[in-house]
Amino acid sequence: MLKGRARLSHERQRPWQRDQETHPGQAKDDPRVCPPAIPGQMTLIRPRRHLTIQHEQRIRHRQVRGYERVKPIITAHAAQHRLGKAWRLAVGRMVRLALAVRDADGDELAGADAVSDLPIFAAMVIEVLRQVDLLQPGTTLSTRRRHQASRAAPRPPRPTPTARSCGSCQSWGFDSTCEPCRRWARGYDDRRAVGRCGRCHRDDLVLAADICRGCTAYAATQRATTLTQPWTQLWLGGPLTLRVLAAPGTGLHTATSAPSVPSRGLVDPAQGTLFDQRRDWTALPVAELPALSEKANELVDQFAAVAAGQRWSDGPRTEGLRTLRILLAWLGADAPIPEVEIMALATTLPGLSAKRVIAFLAEQHRLVPDPTKQHDPDQQRVERTIEELPAAFVDDVRRWVTVLRGEGRRRHRSMSWNTIIKYVGYVRPVLQTWQTEVDGLRGITREHVTLAIKQRKGNVARGVHVGLRSLFRALKQERLIFRDPTKGIVVPAVETLPTNISSDRLRGMLDRATLPITKVVIVLAAVHGLRPTDIARARLADLDLAAGRLLIHRVTGRHAVYLDELSHTLIAAWLRHRRERWPKSVNPHLLVSRRTAMDVRQQSIGTEAMRAMVKPFGVTPSALRTDRILDEARQTADPIHLMRLFGICDETALRYVFAAHPERRREVIR
């Protein structure tokens, strides 16, 4: 049995503080709030509503069609999950507000417009309305609203929007700069240039091919002949604004018919290569693609079938098809395509994507892998970091890395690239400072090291000391320096005690998580106390659902995690979702993302991605693990039990015991 707060409760937080009760005999039905429309009347424009809790209070006593059918559903759900009266009132009032919006739109069933603008409990309102057949089929929350729909605290009232035009594209909306113009300014690989538009002749605009976004969108919809016209048709902004991906001339924003003439530069698999030279894809007329061969058309159809079978969204599917068509049109389908050419094309032209195309061609055995990507990603980071160092220190740092890998004069156990990148990161800012003071590491004295450490505090100073000590010890071992300037310098370690997470932040976390993979990350960290690296590296072959066991491989050995009923259910749900979402994925890891599921290198999901999953809840996977172990230490106060349950070492177990029971620091544990 799990003790303490290790058992994640399914109870939601109190959604809002109770509002003031209405006075007896005072009916609230403000006709200005969502006035009912004639049923069946067609709506020309459905503007986005900015609804708050105060709007619901103003229609508290309005008779809304279908509301009586909803009350039993809410009561039954609250009884099943042991939710209180405040939760029932909050959800019921949000359902009333959604039905009022439905009546204001003149619809028979509530749609996305009726639930997307609710201040709280939008996801629960969708579920309730679906059970009583008052929701339009296929209605779901947008990605932006999924992490906001279940928040407990009410949002403050939004200010009344003021109508204005976008300063860039001049579309009429409510923002000084609309969202498409902000994305246009960021570009695809770098920020775009700012200058004078060649069509509308306005200054200080973000340009692509000397044309601003407003003129680009207008030319994309009204044909290129409008580029010579000095005027632009006015259009609406916000969700109704015109959207365009590329500038005129690239041919990526409109569909073009391919001519019947094939490319004269098709690659012949029987012809050898004399010089390896990177192609300049910007010099090719991408707007007029050559004709595709029969084999190339088959590959394009197979790629489209894979995209449809795996239910890719419109953006990745369109970008992947464009990239594959351009490659096959100019290079052909007879010879394998180098991965470097695919990456060069995707990074040169906007609106293209290389990752899915690379995975598809590798599966079809038509890809020449990039030899530089065969190394460990951390190794590549180390090499890039060394190249950015001052020239006077590059050779010495390379020799230091060689020693850490166990290939120096004295052979020893090699250090992982993940640890080496941390060591290099410690000393990099110090070497940047020393480049103006000395000509090489032989000129570094004890005073240089002491000053570099004193300029930093806490764990940063400790890391700089550890990195410099390792650097100079390795160089002295290799006989590149005569003395070690770090000898005798001691920097005490900064001990940080583990801290717990408040119960209010943990309560209802699994209910608020919408993705199956997020729930698995939460339960493995907060219930079983696994590190983020353990969760990322867990493999499908080490999972035994029948026995309820997951094996975690560490440097110190194997650690068996015995799954409880909740963990077993969530992991099984994730495996079903993974099989439906990526049926052809061969990634051996338990957790995969849209970037790693079809990756030919079979990489694990990154810890940054896991932190992003739980970031909306205000916690991190490491903090959940710390809270779990600390809570267990408070319950047992036995370091041996912590070592067996979580697979941690004796020093770590004692640190958690001392943090939970400070009075035991004076005791001698035998």
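Residues are numbered from 1 along each chain as its sequence is written. In this predicted model, local features need pLDDT of at least 70 and side-chain atom pairs count only at pLDDT 80 or more, while totals for chains, interfaces and linings use all residues; side-chain values use heavy atoms, with hydrogens and water left out.

**Overview. The protein chain has 26 helices and ten strands.**
Helices (H or I, at least four residues) and strands (E, at least two) are DSSP runs, numbered from the N terminus. Of the 670 residues in the protein chain, 44% are buried. Buried means under 20% relative accessible area, exposed means over 50%, and partly exposed lies in between (1.4 Å probe, protein chains only). The chain exposes about 37300 Å², of which carbon and sulfur atoms supply 51%. Accessible areas come from the Shrake-Rupley method with a 1.4 Å probe; for residues, only the protein chains shown count as cover. Contact means heavy atoms within 4.5 Å. Among contacts between residues at least 6 apart in sequence, 67% join residues at least 24 apart.

**View 1. The largest nonpolar core has 41 residues.**
A nonpolar core is a set of buried Ala, Val, Leu, Ile, Met, Phe, Trp, Tyr and Cys residues joined through side-chain atoms within 4.5 Å. The residues with the most contacts inside this core are Ile522, Leu524, Ile535, Trp574, Leu591 and Leu624. Elements that each supply at least two core residues include helix 19 (509-512), helix 21 (532-537), strand 9 (549-554) and helix 23 (607-614). Helix 20 gives the most, with eight residues. Apart from neighbours within four places in sequence, Trp574 touches Pro516, Ile517, Val520, Trp582, Leu590, Leu591 and Val592, all counted as contacts.

**View 2. Trp172, Leu234 and Leu236 form a nonpolar patch on the surface.**
Together these residues have about 320 Å² of accessible area. Patches are made of residues with over 30% relative accessible area and no salt bridge, with like charges joined within 9 Å and nonpolar side chains (Val, Leu, Ile, Met, Phe, Trp, Tyr) within 5 Å. A salt bridge is a side-chain nitrogen of Lys or Arg within 4 Å of a carboxyl oxygen of Asp or Glu. Leu236 lies in the loop between helix 8 (213-222) and helix 9 (294-309). Its relative accessible area is 39%, so Leu236 is partly exposed.

**View 3. Gln170 and Arg479 have positive phi values.**
Most residues other than glycine have a negative phi. Phi is near 65° in Gln170, which sits in the loop between strand 1 (164-165) and strand 2 (172-173). Phi is near 60° in Arg479, found in the loop between helix 17 (458-477) and helix 18 (503-506). Gln170 is partly exposed, at 42% relative accessibility, and Arg479 is exposed, at 64%.

**View 4. Arg62 is a buried loop residue.**
The loop runs between helix 1 (53-57) and helix 2 (67-80). Arg62 counts as buried because its relative accessible area is 8%. Leaving aside neighbours within four places in sequence, its contacts include Lys28, Asp29, Asp30, Arg96 and Ala100.

**View 5. The model has zero disulfides.**
A disulfide is a pair of cysteine sulfur atoms within 2.5 Å. The sulfur of Cys166 is 3.8 Å from the closest cysteine sulfur, that of Cys178, which is too far for a bond. For Cys215, the nearest cysteine sulfur belongs to Cys212, 3.6 Å away. Cys166 is buried, at 2% relative accessibility; Cys215 is buried, with a relative accessible area of 2%.
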